[in-house]
Amino acid sequence: MTPSARLSAAIEVLADIADRRRPAADALKDWGLGHRFAGSGDRAAIASLVYDALRRRASAAWIMGADTPRAVIIGMLRLQHGLAEPTIAELFSGERFAPEKLTEDERRHLTEGSLAEAPPAIAGDVPEWVLPSLDAIFGADCLAELKALGRRAPLDIRINTLQRSRDEALTGLAHLGAEPTPHAPHGLRIPLGPDGRGPALHVEPEFLDGWYEIQDEGSQLAGLLCGAKSSETIVDLCAGGGGKTLALAAAMENSGRLIASDDDPRRLAPIHERLRRAGAVAEVRTPRAGRARADVLGDLDGTVDRVLVDAPCTGSGTWRRNPDAKWRLRPNALSARIQEQAAVLDRAARLVRPGGRITYVTCSLFPEENDAAVASFLGRHGEHFASIPAEEVAASLDGGLKPVLRFTQAGMQMSPALTGTDGFYVATLERVR
């Protein structure tokens, strides 16, 4: 496919997303199934165009004076790809498979359009209703952080230290151009191609042999901040597919006792193969079919040294990777996540022994899901639990992490602009009696 034909396809996919209010991944998959002549390179390039357009949906529409899929694609090419009006006009030639020629009005907007007077939600490409929450955490840095959320995310992997050291992996993965991550001691960063895509890491021989897992540096740091030790009993309470379970197993050197569980057995399904590939040891406790809320951890109450609560959340900290999610998020979804967070924290409280700790993690930037959730927990359990100062927890990791963290009232906040990671939040709670 020509670059112009790819633009036509991206406009078509964006129209499908808007008309049917569906996730971008679903629309892209359906487009690929309906256009089997498109090769993998074409599909990857079209996906990159679509996701870049979703990253800049509001600002692109602003400079173009219209919010149609075509206008958003045109504006994105200027704002995100840095193309000038003559170059965009060549792509919009109206020739076979290319989008129709630019109109005089479109040319004018491309030349004269500016974000100088754009409201913060437009300039930052987020729904207006989330701004108060983001202002509360970022303050004067809010617009810079929003712009960072609009950029493409890096591609990070966590070296499985049960199999290889990072130095050994650097040599073995030299063909990928890997470099050490800035802060996570077991992480490597893989360069992206011009289209924003990285190599197919899941088919590399080293991946199949368990050398590494694909994991954002922020997620790696959140797992390390749990402070897992080899002699302990640790529960990964919201284990999902098992990414942090694998990291905990490596930190514990397959010693002690590690239990992974999740309310939804479907989310746990991939964990067994991932444990096998990594050579990691963990008990997996799956709710019985039809009884997703059944408690499979009751025998552990009051005995656990550490509980990792990687809580269900809005995912606002991952909008670099999932830009369509920010436009589909609604206030009622935030309210639902807050209730779920309270429930899993209350369950974690029953598991922890006196002197044990809960590490509360979200991939959210909203204080309602972070500090407010911790404050609410302490309001319910304050006579038994206390918050551990986040500065103290961060100091437990080498690598100069403290200067690139925002310390909040109860925890620490990572962010794309400051930390260069997804927006993970971490707070630590200790059972004092």
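1. Contact here means heavy atoms within 4.5 Å. By that criterion, Ile214 touches Leu155, Asp156, Ile157, Leu201 and His202, leaving aside residues up to four places away in sequence. Ile214 lies in strand 4, residues 212-214. Helices (H or I, at least four residues) and strands (E, at least two) are DSSP runs, numbered from the N terminus.

2. A word on the basis. This is a predicted model: local features need pLDDT of at least 70, side-chain atom pairs count only at pLDDT 80 or more, and totals for chains, interfaces and linings use all residues. Residues are numbered from 1 along each chain as its sequence is written, and side-chain values use heavy atoms, with hydrogens and water left out.

3. Back to Ile214. Is Ile214 buried or exposed, or in between? Ile214 counts as partly exposed, because its relative accessibility is 42%. The classes are buried (under 20% relative accessible area), exposed (over 50%) and partly exposed in between, with a 1.4 Å probe and protein chains only. The C-alpha atoms of Ile214 and Ile259 are separated by 21 Å, and the two residues are 45 apart along the chain.

4. Helix 1 has 18 residues. From first C-alpha to last, helix 1 reaches 26 Å, close to the 26 Å expected at 1.5 Å a residue. The expected span is 1.5 Å times one less than the number of residues. After helix 1 comes Arg21, whose phi is positive, near 50 degrees.

5. The buried residues of helix 1 are Ser4, Ala5, Leu7, Ala9, Ala10, Ile11, Val13, Leu14, Asp16 and Ile17. As background, an α-helix has 3.6 residues a turn, so residues three or four places apart point the same way.

6. Helix 1 (residues 3-20) and helix 2 (residues 24-34) cross at roughly 130 degrees, and their axes come within 9 Å. That angle makes helix 1 oblique to helix 2. Axes are lines fitted to C-alpha atoms, for helices over the stretch in contact, and angles run from 0 to 180 degrees between N-to-C directions. Angles under 35 degrees count as roughly parallel, over 145 as roughly antiparallel, 65 to 115 as roughly perpendicular and the rest as oblique.

7. Helix 1 passes helix 2 in a right-handed crossing. The term has a rule: right-handed if the near helix is turned clockwise from the far one by less than a right angle, left-handed if anticlockwise. On the helix 1 side, the contact uses Ala9, Glu12, Val13, Asp16, Ile17 and Arg20. Ala24, Ala27, Leu28, Asp30 and Trp31 meet them from helix 2. By class, this contact has seven nonpolar, no polar and four charged residues. Nonpolar covers Ala, Val, Leu, Ile, Met, Phe, Trp, Tyr, Cys and Pro; charged covers Asp, Glu, Lys and Arg; the others, Gly among them, are polar.

8. Helix 3 (residues 40-55) and helix 5 (residues 69-79) pack at about 90 degrees, with axes 9 Å apart. They are therefore roughly perpendicular to each other. Leu49, Asp52 and Ala53 in helix 3 meet Val72, Ile73, Met76 and Leu77 in helix 5. The contact of helix 3 with helix 5 has six nonpolar, no polar and one charged residues.

9. Helix 5 also packs with helix 7 (residues 104-112), at an angle of about 35 degrees and with axes 10 Å apart. The crossing of helix 5 with helix 7 is right-handed. Arg70, Ile74 and Arg78 in helix 5 meet Glu106, His109 and Leu110 in helix 7. This contact divides into two nonpolar, one polar and three charged residues.

10. Gly41 lies in helix 3. Gly41 counts as partly exposed, at 41% relative accessibility. The C-alpha atoms of Gly41 and Met1 are separated by 9.1 Å, although the residues are 40 apart along the chain.

11. Asp125, not a glycine, has a positive phi near 55 degrees. Asp125 sits in the loop between helix 8 (120-123) and helix 9 (131-138), and is buried, with a relative accessible area of 2%. Asn254, also not a glycine, has a positive phi of about 60 degrees. Asn254 is in the loop between helix 14 (243-251) and strand 6 (257-261), and counts as partly exposed at 29% relative accessibility.

12. Last, His381 in helix 19, residues 371-381. His381 is buried, with a relative accessible area of 19%. His381 touches Asp346 and Ala349, not counting residues up to four places away in sequence.
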